[in-house]
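Dear colleague,

I am passing a structure on to you, with a note on what came out of going through it. Please look at it below before reading further.

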Amino acid sequence: MRIETANPFPYDFELKNTALVLIDMQRDFIEPGGFGETLGNDVSLLEAIVPATKAALQAWREAGGLVVHTREAHKADLSDCPPAKRNRGNPSLRIGDEGPMGRILVAGEPGNQIIDALAPVDGEIVIDKPGKGAFYATGLHELLQRRGITHLLFGGVTTEVCVQTSMREANDRGYDSLLLEDCTESYFPAFKAATLDMVRAQGAIVGWTAPSAALMAALRQGQ
Ligand code: C5J
């Protein structure tokens, strides 16, 4: 299949070798009362990408593609959260502290769940990641290798933090990655725009970008 209008040039992929990776579409970042809001951010910006992301996920599922969901999640004892990470941000509501949706960024807490609209279904992979990147301390690379995955389509939040980190990690591991432009968002619109530019600059130095409609058109054509 080919996404003809991908930027900076057409993106070729085969369904059986490609996974859709949705980064951290969890309540902590998207709903009021979570980690994102505790840092002073307007979470409604992120909520706005849910309909497009849901439509892309649905189309990908119907095509039979592999789906990977990630959550930024720490163990309850915070043994995987270095002080260098915990001690930054909002000092009165840090990772592991009790917030309006349970303990902030802790696995199993209500705020750590993927939002209902994008909830994983049977057969989809869910990765809890202690870092910003999806490949750090998760075994994701080995899991994708076992399934013969060579291409990754990315969506999720936030564009310049966990999404961009994960795409760069993927790039260094040899994946051809494409970021779905309307399925990712930042609390800072300028950071999102800059990230899209950085990804596709210099002949796709990190990867490609394209609107989700272009992916769905490719899936409809099926070639
Ligand atoms: C952040 C993320 N922004 N998922 N996490 O801390 O991008």
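Which residues of β4 are buried on one side, and which on the other? L66, V68, T70 and E72 are buried on one side, and V67, H69 and R71 are buried on the other, so that both faces of β4 are covered. Buried here means under 20% relative accessible area, with exposed being over 50% and partly exposed in between, for a 1.4 Å probe and protein chains only. Helices (H or I, at least four residues) and strands (E, at least two) are DSSP runs, numbered from the N terminus.

Before the rest, please keep in mind that this is a predicted model, in which local features need pLDDT of at least 70 and side-chain atom pairs count only at pLDDT 80 or more, while totals for chains, interfaces and linings use all residues. Residues are numbered from 1 along each chain as its sequence is written, and side-chain values use heavy atoms, with hydrogens and water left out.

To return to the strand, seven of the seven residues of β4 (residues 66-72) are buried, and therefore β4 is largely enclosed by the rest of the structure. As for its partners (two strands pair if DSSP finds at least two bridges between them), β4 runs parallel to β3 (residues 18-23), with five bridges joining them, and L22 stands opposite H69. Five bridges also join β4 to β7 (residues 125-129), again in parallel, and there I125 is the bridge partner of V68.

Helix α7 (residues 159-172) has 14 residues and reaches 18 Å from its first C-alpha to its last, close to the 20 Å expected at 1.5 Å a residue, where the expected span is 1.5 Å times one less than the number of residues. Its buried residues are T159, C162, V163, Q164, S166, M167, E169 and A170, and just after α7 comes G174 with a positive phi of about 95°.

The largest pocket holds about 420 Å³ of space. Among the 21 residues that line this pocket, F29, F35, L39, K132 and V161 are the closest to its centre. A pocket is an open set of points on a 1 Å grid over the protein atoms alone, where a 1.4 Å probe fits and protein lies on both sides within 12 Å along at least five of seven lines; lining residues have an atom within 4 Å of a point. Helix α7 gives the most to this lining, with three residues, and α2 (35-38), α5 (83-86) and α7 each supply at least two.

Turning to helix α8 (residues 189-204), its 16 residues should span 22 Å at 1.5 Å a residue, and its end C-alpha atoms are 21 Å apart, which agrees. K192, T195, L196, V199, R200 and A204 are its buried residues, and what covers them includes α7, β9 (176-185) and β10 (208-210). In α9 (residues 212-221), the buried residues are S212, A214, L215, M216, A218 and L219, and α9 is followed by G222, whose phi is positive, near 65°.

Finally, M101 lies in the loop between β5 (98-99) and β6 (102-103), and counts as buried because its relative accessibility is 9%. Not counting residues up to four places away in sequence, M101 touches R27, D28, E31, P32, G33, G34, E109, P110 and G111, a contact being heavy atoms within 4.5 Å.

With kind regards

Key: Grid points are joined across faces, edges and corners, and a volume is the space filled by probe spheres set on the points.
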